[in-house]
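Please look over the sheet and the helices packed against it in the model shown here. The report below describes how these elements are arranged.

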Amino acid sequence: METIVVTGAATGIGASTAERWKAGGHRVIGVGLADCEANADLSEPGGRARAVSEILDLAGGVVDGHAACAGLSRNSGDERKIIAVNFFGAFEPLLALRKALSRGDRPGVALVSSSGMLRPWGVPGALKACLEMDEPGALEAVAADPRADGPFAQRPAYATSKSALGPMARRLAWQTEWTGAGITINVVAPGVTKTPTTDVDFATPEGEQRLLKAAPSPMNRIAEADEAADPVAYFAEGRARFVTGQVVFVDGGLDARRRPDDP
Ligand code: NAD
């Protein structure tokens with residue numbers, strides 16, 4: 001039986017990922033604000049440290065897979081908190097769990113980004129600070145950006161946090177301490193997906209229009225949570241043994257339409 005950690009396991013894509021592993025007989029250590037095996041607030045360093053300590057206790061020091069699904073959406077209000085949860089809440093626990101993953105069987109990591117990662121609204125200074133794991137610097141740079149109080153679609157924290165996940169994964173993926181232990185690290189970038197996060201937007205016609213305008217799927221529908229969870233589970237279960245450092249879009253063709261000429 002494999003032990004797999006899922007952050008954001010209580011709802012949405014994280015819950016769907018956790019359910020499929022439980023159904024497959026794996027042991028899931030869910031991490032979240034409530035109703036999880038390890039309840040902790042990933043928006044602050046103390047909460048992340050508590051989560052890691054509980055995970056290591058529950059897992060007996062061996063973790064076979066890790067899916068970082070916890071995240072805040074663009075409309076959750078607090079720009080600093082969005083960076084803190086979406087980027088540092090993903091990477092700080094992952095870095096602390098590297099040794100436990102290195103003892104695992106076919107260890108894999110999947111980090112959940114967003115098709116919004118390609119929008120040009122990130123803050124370069126905050127992106128750089130994220131890649132240096134400088135949390136105070138990243139929070140400060142985002143809060144100082146004038147768009148932090150500006151139009152919904154252009155608020156910078158979400159784009160920054162989600163676009164920093166890919167480069168950070170690529171920086172780690174080929175390092176000996178990860179490859180030497182056979183740990184693969186990949187990023188999954190969903191388009192609009194039906195979860196409690198988007199239920200809030202779909203509750204009003206304006207919200208729905210705003211969301212579908214920001215990420216219009218060529219398939220003319222939004223994804224179900226299990227369609228986004230499929231590749232997350234695949235990578236975190238370590239089923240793609242020679243694939244690492246990649247970003248996979250789960251967006252009904254949106255990325256292909258946006259960048260048709262990219263090699
Ligand atoms: P969701 O709200 O159902 O899931 C997010 C989870 O993160 C929740 O369970 C929540 O409790 C947890 N979380 C939030 N703040 C936390 C904190 N401080 N500490 C610990 N846990 C915290 O929404 P979802 O759509 O399933 O989101 C999952 C991931 O997918 C997120 O990273 C989100 O950014 C990403 N995503 C979602 C969509 C979409 O359209 N739904 C699109 C692109 C990316």
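Helix α1 (residues 12-23) lies across β1, β2 (27-32), β4, β5 and β6, and runs at about 165 degrees to β1. Helix α7 (residues 156-173) also packs on the sheet, where it touches β5, β6 and β9, and its direction makes about 165 degrees with that of β6. Contact here means that the C-beta atoms of two residues, placed from the backbone, lie within 7 Å; axes are lines fitted to C-alpha atoms, for helices over the stretch in contact, and angles run from 0 to 180 degrees between N-to-C directions. Helices (H or I, at least four residues) and strands (E, at least two) are DSSP runs, numbered from the N terminus.

This is a predicted model, in which local features need pLDDT of at least 70 and side-chain atom pairs count only at pLDDT 80 or more, while totals for chains, interfaces and linings use all residues. Residues are numbered from 1 along each chain as its sequence is written.

The sheet is open and has seven strands in the order β3-β2-β1-β4-β5-β6-β9, with parallel pairing; two strands pair if DSSP finds at least two bridges between them. Strands β3 (38-39) and β9 (247-250) stand at the edges with a single partner strand each, so one side of each is left without a neighbour in the sheet.

| Strands | Bridges | Residues standing opposite |
|---|---|---|
| β1 (residues 3-7) and β4 | four | V5 and H66 |
| β4 (residues 65-68) and β5 | four | G65 and G108 |
| β5 and β6 (residues 184-190) | five | V109 and I185 |

Strand β5 (residues 108-112) is largely enclosed by the rest of the structure, because five of its five residues are buried, a residue being buried if 20 or more other C-beta atoms lie within 10 Å of its own. G108, A110 and V112 point one way from this strand, whereas V109 and L111 point the other way.

Helix α1 also packs against helix α11 (residues 225-236), at an angle of about 60 degrees and with the axes 8 Å apart. That angle makes α1 oblique to α11, since angles under 35 degrees count as roughly parallel, over 145 as roughly antiparallel, 65 to 115 as roughly perpendicular and the rest as oblique. In this packing, G12, I13, S16, T17, R20 and W21 of α1 meet A225, D226, A228, A229, V232 and A233 of α11.

Notes: Buried ≥ 20, exposed ≤ 12 C-beta atoms within 10 Å, placed from the backbone.
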